[in-house]
Amino acid sequence: MKKYIYLDHNATTKPRPEVVEAMLPHLRGHYGNASSIYQLGQEERKAIDIAREQLAKLIGVKNPDEIVFTGGGSESINWAIKGVAFANRDKGRHIVTTKIEHSAVMKSCQYLESMGWHVTYVGVDVYGRVNPAHIREAITKETVLVSIMHANNEIGTIEQVEEIGKVCREKGVYLHVDALQTVGKIPVSVDALDCNLLSIGAHKFYGPKGVGALYIRPGTRIHPLTHGGSHERNRRAGTENVAGIAGLGTAAEIALKEMKHDEKHVRHLRDKLEKGILQHIECVRLNGDPDHRMFNTSNISIEAVEGEGLIIGLDMQGICVSSGSACSSGQTEPSHVLRAIGVPIELAKGSIRFSLGRENTEEEIDKVLDVLPKVVERLRGLSPLWGDYKKGLRKSVITGKAA
């Protein structure tokens, strides 16, 4: 099998060996239905309970029953937004979110708009941070929910969720936090964030795909998305994915132990990568907040190249990167996140995201810093825009660096 340099960990991560080992028994001999009362089923129920406790410790939840397992992060997000909207329509039909949210949030809100709800999309600054005061201003008597991401999946900017949580508590409005990019990577506490709901996806922190969770604070009014059996205390119908849940629990347990070590290692590699890019490639902009950004994420815009060309050029050398959200692949329009922070359209189209992980090495970063300038040089050699720039007929659209 070809060896890749994988730098797209915000899209997904490779399940850890311990995670796979935790899952295997539930794909082989332990095959009972966790809702059955006989021993074969109760063994699976025990595995689910253990995983719920493991995840509860990771996010600071005292009562594990406040966590509901789902089919992934997108389901958790959809459920939080639609479930709260439908359960609280007697109070109002207004939701507040931001212009840089993940597509699962955006499309859930757009769906509700088609059903008669009103949504306010709050803007952000040039670093991708939303001002809590602007959230306060957007809340009305009709508002039932504020939904905001803890950290942006494309540029890594970490939001002031703690302050927004205080605003929502004061206003009597539910707060949903999309924490897919932070849980398992940095400390996350539902009490510190002061949120009512928090969405999690296992495959973002070395767990399996197809399983996630939604934290629901007691007293939160929310309708289920799926109906049928009485699974998950009547909150989500459907036979539980025991293998996936066991994997999620194991990933959570390991993350709690190794989070600080992983951050130190990955941050060093990320900083080395950014420093090398700025040294060896001219007309480059780093996107995101320089002081409040995920330690593994680097989003760069490069003058006079297309992001798709960069991705293909790097892929031919066995290097995996992306142009932004994995859920938006195939789109030709520039990133809505980059547009929201004021990156010009031409520059936004020439943007790629590096998101590093625990298994990346110094040697891999050295390889990227050797290959990337050559790919950029080749693409610029084919670009009439770069030709005009070199002749002095055109000025760079880069006015400064964001980080």
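Buried means under 20% relative accessible area, and exposed means over 50%. With that cut-off in hand, select Trp117: its relative accessibility is 3%, so Trp117 counts as buried. The model on screen is a predicted one.

**Stop 1: Trp117 and its partner**

Now colour by secondary structure. Phe86 belongs to helix α3 (residues 73-87), while Trp117 sits in the loop between α4 (103-114) and β4 (118-122). The pair therefore ties together parts that are 31 residues apart in sequence.

**Stop 2: the other aromatic pair**

The structure holds two aromatic pairs. For the other, select Trp386 and Tyr389. Their ring centres lie 4.7 Å apart with the planes at 20°, so the pair is stacked. Both residues are in helix α14 (residues 384-390), separated by three residues, or about one turn of the helix. Is each residue of the pair buried or partly exposed? Trp386 has a relative accessible area of 10% and is buried, whereas Tyr389, at 22% relative accessibility, counts as partly exposed.

**Stop 3: helices α9 and α13**

Next, select residues 242-280 for helix α9 and residues 362-381 for helix α13. The two helices pack at an angle of about 20°, and their axes are 10 Å apart. Angles under 35 degrees count as roughly parallel, so α9 and α13 are roughly parallel to each other. Their crossing is right-handed.

To see what makes the contact, show side chains on each helix:

- From α9: His268, Leu269, Lys272, Leu273, Gly276, Ile277 and His280.
- From α13: Glu362, Ile365, Asp366, Val368, Leu369, Leu372 and Pro373.

Colouring this contact of α9 with α13 by residue class gives eight nonpolar, three polar and three charged residues.

**Stop 4: Pro64**

Finally, select Pro64, in the loop between α2 (39-59) and β2 (67-70). Its relative accessibility is 22%, so Pro64 counts as partly exposed. Which residues is Pro64 in contact with, leaving aside its neighbours within four places in sequence? Show Arg52, Glu53 and Ala56, which are the residues in contact with Pro64 on that basis.

To end the tour, draw a distance from Pro64 to Ser301. Their C-alpha atoms are separated by 42 Å, and the two residues are 237 residues apart along the chain.

Terms used:
Residues numbered from 1 in each chain as written. Predicted model: local features only at pLDDT ≥ 70, side-chain atom pairs only at ≥ 80, totals over all residues. Heavy atoms only, no water. Helix = DSSP H or I, 4+ residues; strand = E, 2+ residues; numbered from the N terminus. Buried < 20%, exposed > 50% of the residue type's maximum accessible area, 1.4 Å probe, protein only. Contact = heavy atoms within 4.5 Å. Axes fitted to C-alpha atoms, helices over the stretch in contact; angles between N-to-C directions. Parallel < 35°, antiparallel > 145°, perpendicular 65-115°, else oblique. Left-handed = near helix turned anticlockwise from the far one by under 90°. Nonpolar A, V, L, I, M, F, W, Y, C, P; charged D, E, K, R; others polar. Phe/Tyr/Trp six-rings, centres within 6.5 Å; stacked < 30°, edge-to-face > 60°.
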